[in-house]
Amino acid sequence: DDVKAYAAVDLGASSGRVMVGRVGPDSLELAEAHRFPNRPVRTSEGLRWDILSLYAGVLDGLRAAGAVTSGRLASVGIDSWAVDYGLLDADGALLGNPVHYRDARTEGVAEKVWATVPASELYASTGLQYAPFNTLYQLTAARDSVQLAHAERLLLIPDLLSYWLTGEQGTELTNASTTQLIDPRTRDWAYDIASRLGVDLGLFAPLRQPGDPAGVLRAEVVEEAGLSGPVPVTVVGSHDTASAVAAVPAVEERFAYICTGTWSLAGLELDAPVLSEASRAANFTNELGLDGTVRYLRNIMGLWLLQECVRAWGEPELGELLRGAARVPALRSVVDAGDATFLAPGRMPERIADACRGSGQPVPESRAEITRCILDSLALAHRRAVCDAQELAGHGADVVHIVGGGTRNALLCQLTADACGLPVVAGPTEAAALGNVLVQARAHGLVGDLAGMRRLLARTQPSTRYEPQGDTARWRAAQARLAGGR
Ligand code: ADP
Ligand code: LRH
């Protein structure tokens with residue numbers, strides 16, 4: 001039988017899932033084996049990932065994947081959100097719960113780093129946007145901690161789970177590129193930056209590339225999951241956004257993409273980084289993708305804004321909220337969805353109202369009005385990122401591909417098309433899992449290059465097309481209302 005089953009472990013900030021992808025010479029099917037919530041915990045020390053509960057979810061998921069494949073998995077791949085890590089002691093034991101990137105410990109830290117390496121030089125060497133949570137700033141914040149002093153090894157989240165599953169350690173490149181310790185031109189460590197900032201690169205396991213072998217599942221894992229071993233683990237684009245962009249079903253078109261989930265990551269796929277001062281000022285990032293590509297994009301707060309309101313409102317049904325929002329007049333008030341003031345959890349409806357008041361716009365009051373404000377603001381931020389990326393990279397786009405959980409939000413997709421003045425092709429929803437599966441299949445010789453992967457996706461995965469409606473002038477006007485008139 002030339003169809004093989006691959007398990008993709010994909011951990012998002014709001015949920016984790018284990019998906020089973022069945023890949024043949026001209027077929028690709030994806031099914032969910034197990035989904036589990038990802039609920040960070042606020043301890044007396046701060047905001048932490050519940051890493052053991054996530055690992056338990058992965059094991060449950062592998063068991064569920066085994067159950068639907070008669071125990072026959074050709075391989076397993078793991079991706080997750082970026083930048084965060086676990087520290088191991090000399091025995092290989094985890095030192096503490098990994099710190100959440102929304103934790104407050106990095107406040108004011110970047111300025112200390114820039115006092116040693118100016119921000120412009122840091123950008124020219126690493127190409128990474130400023131975000132307070134870049135691993136470099138997290139490590140700087142932790143500099144004097146007992147944990148870091150005792151740490152012998154740092155593993156990024158997917159690499160940590162891979163280590164627990166296989167006993168083998170490595171640092172996957174696409175995710176490593178979010179640490180701010182990689183040079184996007186050499187696709188190797190930024191040795192000079194690390195040494196000037198006192199970061200010991202010896203903490204990191206050797207770099208490995210998507211498609212490399214990552215070991216085999218430990219015997220106990222194989223047994224617990226009811227699999228027939230040995231089951232190889234394959235290195236994938238372990239940054240979820242790298243996997244998601246690999247699964248953008250673009251065929252011979254000039255495209256922009258928006259990965260929508262907890263975050264919106266909006267930009268272009270390039271073959272070289274853009275390291276100009278203008279790019280830094282616009283806070284665009286150059287993260288590394290598959291096959292020598294660069295993800296040139298901007299982070300936008302994304303559906304986090306809505307998730308946090310839904311949580312504050314006691315978890316009302318999403319469909320109902322979105323139907324209400326569709327009836328509210330468009331663009332009454334907008335907030336800057338790129339603004340890091342929305343990064344921390346808590347009081348989101350109030351913070352959105354405050355931002356509207358602060359910029360002299362009508363204050364949204366009902367749940368429907370607040371939801372509408374969020375969706376209009378996201379579409380506006382999508383527009384700005386798609387326009388700015390084209391200008392800064394000198395690379396045009398005729399279509400915007402939306403992938404990820406936000407593809408299920410038809411209003412958001414339509415508003416994005418309207419704002420960008422470009423057609424939107426929405427789908428696949430589980431893009432990160434599909435990119436994860438395809439890189440595994442490719443490592444086993446089943447699919448071709450990135451273009452071949454995308455042709456297969458375009459042929460097999462459903463998508464919905466949204467044509468732009470209305471005049472983009474109203475979106476330009478809304479942009480001008482925001483502080484700074486950008
Ligand atoms: P992450 O990987 O960051 O955890 P996802 O890609 O899973 O995020 O996307 C989660 C988001 O998708 C939710 O916050 C929600 O806004 C949106 N979503 C999920 N299901 C639906 C739905 N049925 N209708 C509209 N939006 C949905
Ligand atoms: C999305 C994501 C994004 C990062 C953020 C920390 O899940 O990986 O690409 O910027 O999480």
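Me: What makes a residue count as one of the 13 around ligand 2, and which come nearest?

Reply: A residue counts as near when its C-beta atom, placed from the backbone, lies within 6 Å of the molecule. Around ligand 2, Trp81, Ala82, Asp240, Thr241 and Trp263 come nearest. Please keep in mind that this is a predicted model, where local features need pLDDT of at least 70 and side-chain atom pairs count only at pLDDT 80 or more, while totals for chains, interfaces and linings use all residues. Residues are numbered from 1 along each chain as its sequence is written, and chains are lettered from A and ligands numbered from 1 in the order in which they are written.

Me: How do the residues of the shell around ligand 2 divide by class?

Reply: Seven are nonpolar, five polar and one charged. Here Ala, Val, Leu, Ile, Met, Phe, Trp, Tyr, Cys and Pro count as nonpolar, Asp, Glu, Lys and Arg as charged, and the others, Gly among them, as polar. The shell around ligand 1 has four nonpolar, 10 polar and one charged residues. It is a group of 15, of which Gly12, Ser14, Gly261, Thr262 and Gly405 come nearest.

Me: What makes the protein chain as compact as a globular protein of that length?

Reply: Start with its parts: 19 helices and 21 strands, which are DSSP runs numbered from the N terminus (helices H or I, at least four residues; strands E, at least two). The radius of gyration is 22 Å, close to the 23 Å of the globule rule for 486 residues, so the chain is as compact as a globular protein of that length. That radius is taken over C-alpha atoms, and the rule is 2.2 Å times the number of residues to the power 0.38. Along its principal axes, the C-alpha trace spans about 60 × 55 × 45 Å.

Me: Why are strand E17 and strand E21 called edge strands?

Reply: The open sheet has seven strands in the order E17-E18-E16-E15-E19-E20-E21, with mixed pairing. Strand E17 (285–288) and strand E21 (464–466) each pair on one side only. Two strands pair if DSSP finds at least two bridges between them. Three bridges join strand E20 (residues 424–426) to E21, and these two run antiparallel. Valine 425, for instance, has arginine 465 in E21 as its bridge partner.

Me: How do you know that helix H15 packs on the sheet, and which strands does it touch?

Reply: Helix H15 (residues 367–393) touches strands E15 (255–260), E16 (264–270), E18 (294–300) and E19 (399–403). Contact needs C-beta atoms, placed from the backbone, within 7 Å. The direction of H15 makes about 20° with that of E16; such angles run from 0 to 180 degrees between N-to-C directions, along lines fitted to C-alpha atoms (for helices, over the stretch in contact).

Me: What makes the peptide bond from glycine 427 to proline 428 stand out?

Reply: That bond is cis, with omega near 0°, and proline 428 sits in the loop between E20 and helix H17 (431–443). The bond from glycine 229 to proline 230 is also cis, with omega near -5°. Proline 230 belongs to the loop between helix H9 (219–224) and strand E14 (232–234). Most peptide bonds are trans.

Key:
Two residues are in contact if their C-beta atoms, placed from the backbone, lie within 7 Å.
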